[in-house]
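This note is meant for a colleague who is opening the structure for the first time.

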Amino acid sequence: MELTPVVPFEPVSAVQIPHGEQWIAQVKWDGVRVLTYYDGHSVRLYNRRQHERTVQFPEFVEIRRFCTASSIILDGEIIAFRRGKPSFYEVMKRDGIRQPEKVGHVRKAIPLVYMIFDVLYFNGEWIIGRTLEERQEILNRCIVPQEDVQLVENFREAEILFDVIKAQGLEGIVCKDISSRYTIKGKDGRWRKLKNYRDLVAVIGGATYRGNIINAVLLGLYDRDGQLWYIGHAGTGKLTRAEWRDLTERIKPLVSGECPFVNKPARVKNVTWVKPELTAKIRYIEWTEGHTLRQPSIQAFVEIPPAQCIFEQS
């Protein structure tokens with residue numbers, strides 16, 4: 001039987017840890033969501049958007065070395081490490097390969113780990129109607145952990161786990177109802193993700209517009225020499241339409257013909273440069289290797305002097 005790729009069950013975003021005997025917590029590994037399909041003859045890997053990734057991650061095609069099932073669909077996260085921590089940007093170097101002849105070299109340079117947390121199909125039978133607890137029992141029976149293949153661990157003390165995640169600078173946790181069934185294309189509160197966000201205050205040095213209203217701002221921080229460095233675009237967050245309109249009016253007298261950043265942003269098409277006088281509180285996940293913020297979002301505009309927006313605060 002050929003197994004057709006499906007859209008996996010997704011957690012909803014949450015800000016509070018749920019309580020109750022039915023809840024377990026897991027580390028939210030920062031990588032690429034990958035489902036492995038083994039029909040008893042061939043193995044194929046697909047990401048959550050149903051794009052095939054068999055070529056990019058060939059080490060996990062050798063399924064018999066870590067799985068005893070006669071057929072199976074596994075759900076998990078493929079991760080890569082840099083300096084001992086999961087690195088989204090390292091794994092994306094593997095995920096972005098489009099030429100098969102390059103895989104061998106990059107495979108050696110960027111080893112991966114498959115963190116398995118669920119199973120949808122087992123030995124010729126769909127098991128999405130079973131509870132998460134039952135599905136995990138099946139995983140424990142059929143998966144033989146290897147150095148590069150691991151089962152995601154459950155924790156009962158979610159608060160303690162989240163504190164450890166924050167201390168280690170990891171992405172976050174996922175809380176799951178142990179009695180939950182797996183819903184294909186589903187996304188609801190039976191699975192809840194809590195991300196380890198960080199905050200800083202940045203200077204606004206540019207803006208882009210949709211129509212006559214600003215829809216994103218270019219952010220910067222000062223170094224010890226007083227130079228302003230570009231650290232990213234932010235066009236999402238807690239701002240209302242009225243606040244975006246208000247920002248548009250506040251920026252008008254600050255419009256400048258010169259880029260205020262010492263490092264020119266990669267995307268400058270249709271950017272309006274402004275004098276760096278306005279500041280905003282920014283929430284983000286982490287710093288990238290390119291020294292920009294990952295997933296920055298505006299939380300509020302603040303009355304903090306631009307000179308105080310320095311790298312040391314982050």
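1. Two strands are taken to pair if DSSP finds at least two bridges between them. Helices (H or I, at least four residues) and strands (E, at least two) are DSSP runs, numbered from the N terminus. By these terms, strand E1 pairs with strand E11 (residues 187–195) in the parallel sense, over four bridges. Within this pair, Ser-13 stands opposite Lys-193 of E11.

2. The model is predicted: local features need pLDDT of at least 70, side-chain atom pairs count only at pLDDT 80 or more, and totals for chains, interfaces and linings use all residues. Residues are numbered from 1 along each chain as its sequence is written, and side-chain values use heavy atoms, with hydrogens and water left out.

3. E1 and E11 belong to an open sheet of four strands in the order E1-E11-E10-E2, with mixed pairing. Its edge strands, each pairing on one side only, are E1 (10–13) and E2 (23–27). On average, neighbouring strands of this sheet are turned by 40° against each other, direction ignored. Axes here are lines fitted to C-alpha atoms, for helices over the stretch in contact, and angles run from 0 to 180 degrees between N-to-C directions.

4. Helix H4 (residues 158–168) packs on this sheet and touches E2, strand E10 (172–177) and E11; the direction of H4 makes about 160° with that of E10. Contact means heavy atoms within 4.5 Å.

5. Which residues lie closest to the centre of the largest pocket? A pocket is defined on a 1 Å grid over the protein atoms alone, as an open set of points where a 1.4 Å probe fits, with protein on both sides within 12 Å along at least five of seven lines; lining residues have an atom within 4 Å of a point. Grid points are joined across faces, edges and corners, and a volume is the space filled by probe spheres set on the points. The largest pocket holds about 680 Å³. Of its 31 lining residues, Lys-28, Gly-31, Arg-33, Arg-48 and Glu-77 are the closest to the centre.

6. E11 gives the most to the lining of the largest pocket, namely four residues. This lining comprises 11 nonpolar, five polar and 15 charged residues. For these classes, Ala, Val, Leu, Ile, Met, Phe, Trp, Tyr, Cys and Pro count as nonpolar, Asp, Glu, Lys and Arg as charged, and the others, Gly among them, as polar.

7. The second largest pocket has a volume of about 500 Å³. It is lined by 22 residues, of which Arg-82, Lys-85, Pro-86, Glu-286 and Trp-287 are the closest to its centre. Domain 1 (10–195) and domain 2 (198–308) both contribute to this lining, so the pocket lies between them.

8. The domain bounds come from an automatic or database domain assignment. The C-alpha centres of domain 1 and domain 2 are 35 Å apart. Across the boundary, 11 residues of domain 1 are in contact with seven residues of domain 2.
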